[in-house]
Amino acid sequence: MRIGELARRAGTTTRALRFYEAQGLLTAPRSANGYRDYGEDEVRLVHEILTLQAAGLSLDDTRPFVDCLRTGHDAGDACPASVEVYQRKLAEVDACLDRLNAVREGLLTKLAGALARQPGPCGVEE
């Protein structure tokens with residue numbers, strides 16, 4: 001299939017596919033006339049890339065998953081390198097959540113202090 005058909009079937013754009021190709025994530029066998037000639041394997045690779053990006057992984061993070069599929073595994077996360085990406089990404093998310101929780105606690109403390117300084121319901125400080 002040509003690039004336009006791959007884009008349609010995978011739910012992306014031809015521009016994205018060319019970018020994936022430039023990044024080495026997608027290979028494009030060429031026909032005799034020079035057109036890209038994709039198969040079902042490429043549809044699967046693009047779906048994997050898009051699914052992983054939707055889950056929060058960067059394009060570079062998808063490389064081990066793509067490599068895993070290319071080696072013949074049924075799933076992109078069947079290889080140790082893919083599992084390592086999951087673990088690293090989860091650690092990053094946990095660190096972000098910790099920072100956000102600290103910010104939340106600080107804001108709650110500030111709000112409690114501000115509310116304690118507000119006048120009572122009759123407009124008179126208690």
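**Arg15 and the cysteines**

Let's start with Arg15. Its relative accessible area is 71%, so Arg15 is exposed. Keep in mind that we're looking at a predicted model. Where does Arg15 sit? Find helix 2, residues 14–22, and you have Arg15. Arg15 and Gly4 are eleven residues apart in sequence. In space, their C-alpha atoms are 9.7 Å apart.

Next, the cysteines. How many disulfides does a search of the whole structure find? One. The partners are Cys68 and Cys79, with an S to S distance of 2.1 Å. This pair links distant parts of the chain. Cys68 belongs to helix 4, residues 63–70. Cys79 lies in the loop between helix 4 and helix 5, and helix 5 covers 80–116.

What about the handedness? The torsion about the S-S bond of Cys68 and Cys79 is about 85 degrees, so this disulfide is right-handed.

Are these two cysteines buried or exposed? Take Cys68 first. Its relative accessible area is 1%, and the cut-off for buried is under 20%. So Cys68 is buried. Cys79 comes in at 14%, which is also under 20%. Therefore Cys79 is buried too.

Exposed needs over 50%, and buried needs under 20%.

Methods
Residues numbered from 1 in each chain as written. Predicted model: local features only at pLDDT ≥ 70, side-chain atom pairs only at ≥ 80, totals over all residues. Heavy atoms only, no water. Helix = DSSP H or I, 4+ residues; strand = E, 2+ residues; numbered from the N terminus. Buried < 20%, exposed > 50% of the residue type's maximum accessible area, 1.4 Å probe, protein only. Disulfide = S-S within 2.5 Å.
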